[in-house]
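Subject: Structure handover

Dear colleague,

Here is the structure you asked for. My notes on it follow below.

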Amino acid sequence: MLRPVARLTGILVAIAGLLALYSAWGAWMVERVYPPAGQFIDVEGLRLHHIDIGEGTPVVLLHVATTTLRDFTTSLAPPLTLAHRVLAFDRPGYGYSERPVGDWPDPAVQARYLHAVLKRLGVSRPLLVGHSWSGSLVMAYLLNYPGEAAGAVLLAGGTHPWQGGVAWTNTLGGIPLLGSLFAHTLLFPAGELVLEQAIANVFEPESPTPDYVARTGVKLVLRPDNYLANAEDVRRLSDFLAGQSRSYARVREPVLLIHGTADDIVPAWNHTDRLLETLPDVEVARLDGVGHALHHTRTDRVALLIHEFSRRVQPGRE
């Protein structure tokens, strides 16, 4: 009776081993194709990866979940560098930035790291730009460091709690042992199979921009540590925002909200519209028929909105 069980166990272990080897090889190949694109800086014992390009008033770009700073080097960074000093960061645990060990680095903690980095780099009163998940990070920065940012732009920013939970892959990442096993065996091969469709879902109702996967290096998120960091950030965000959102009325910096009217991933009615009722200095730009990836499908329009807003909140610094 034990022999069939032992034989089956051996087969499963062998399969898991092969998948682990394939996943490790895949992660190695992705890093060879997409090496670090910028520089490294150490703050509070953490090594963070960033780019710092262009001249002019400082604009800081903060990426969504599941991506890296390359999401901006292939979209907003090039046009913004025509008039601005542009900085973009791999958030902790993404791309080539380290993740702190221990407690979850929530948006307030990530804002602390960002604040420390900007001080080290000599960046004063920047315009903060956060896409989706990073809307929570930008708002945390404004709350914890009042007066130290010139203003903020939220691109389909996630700012309030929501109903309905998160994708099962993010839930799985939080299950002890099982989440790590999935990350080191099935994640990479399964991710390769569904990546194109997942990206199409993000762009709906529009189509992904040409060669999006190849240009942005989005496969970096299929590495185990990057996946586990992303799963934790997404899984725990709503509960965090339930508390943070109660303090938004304290924000005094000017804020521009840019949102696509067809965005069903971070819907405007639950985030942008609620901020409009709360913030004292806020304006909104709604892009008709545009989905969640607005900075890719409407790059020039979004860059122009950011530049014009910068001229209002950072006068005399161009």
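How many nonpolar, polar and charged residues are there in the lining of the largest pocket? By class, the lining has 28 nonpolar, 17 polar and one charged residues. Here Ala, Val, Leu, Ile, Met, Phe, Trp, Tyr, Cys and Pro count as nonpolar, Asp, Glu, Lys and Arg as charged, and the others, Gly among them, as polar.

Before the rest, the ground rules. This is a predicted model, in which local features need pLDDT of at least 70 and side-chain atom pairs count only at pLDDT 80 or more, while totals for chains, interfaces and linings use all residues. Residues are numbered from 1 along each chain as its sequence is written, and side-chain values use heavy atoms, with hydrogens and water left out.

Pocket

The largest pocket holds about 1400 Å³ of space. Of its 46 lining residues, Thr66, Ala167, Asn170, Val202 and Asn230 are the closest to the centre. Two or more lining residues come from each of helix 6 (168–172), helix 8 (187–203), helix 10 (224–244) and helix 12 (294–297). Helix 8 gives the largest share, 10 residues. Helices (H or I, at least four residues) and strands (E, at least two) are DSSP runs, numbered from the N terminus.

Pockets and cavities were found on a 1 Å grid over the protein atoms alone: a cavity is a set of points where a 1.4 Å probe fits but cannot get out, a pocket is an open set with protein on both sides within 12 Å along at least five of seven lines, and lining residues have an atom within 4 Å of a point. Grid points are joined across faces, edges and corners, and a volume is the space filled by probe spheres set on the points.

Cavities

There are two cavities of 30 Å³ or more. The largest has about 90 Å³ of space, and helix 4 supplies the largest share of its lining, four residues. Among the residues that line this cavity are Leu48, Phe89, Asp90, Arg91, Gln110 and Leu114. The second largest cavity has about 40 Å³; its lining includes His49, Arg70, Asp90 and Leu220. By class, that lining has five nonpolar, three polar and two charged residues.

Helix packing

Helix 4 (residues 107–120) and helix 5 (residues 134–144) have axes that come within 8 Å and cross at roughly 70 degrees. That makes the two helices roughly perpendicular (65 to 115 degrees). Axes are lines fitted to C-alpha atoms, for helices over the stretch in contact, and angles run from 0 to 180 degrees between N-to-C directions. Residues in this contact (heavy atoms within 4.5 Å) include Ala111 and Leu114 of helix 4 and Leu137 and Ala140 of helix 5. The contact residues divide into eight nonpolar, four polar and no charged.

Helix 5 also packs with helix 10, at an angle of about 30 degrees and with the axes 12 Å apart. These two are therefore roughly parallel (under 35 degrees). Ser136, Met139, Ala140 and Leu143 of helix 5 meet Leu237, Leu241 and Gln244 of helix 10.

Backbone

Two places are worth a look. Glu204 and Pro205 are joined by a cis peptide bond, with omega about 5 degrees; Pro205 is in the loop between helix 8 and helix 9 (212–216). Glu44, in the loop between strand 1 (39–43) and strand 2 (46–53), has a positive phi near 50 degrees. Most residues other than glycine have a negative phi, and most peptide bonds are trans.

Regards

Definitions and conventions. Angles under 35 degrees count as roughly parallel, over 145 as roughly antiparallel, 65 to 115 as roughly perpendicular and the rest as oblique.
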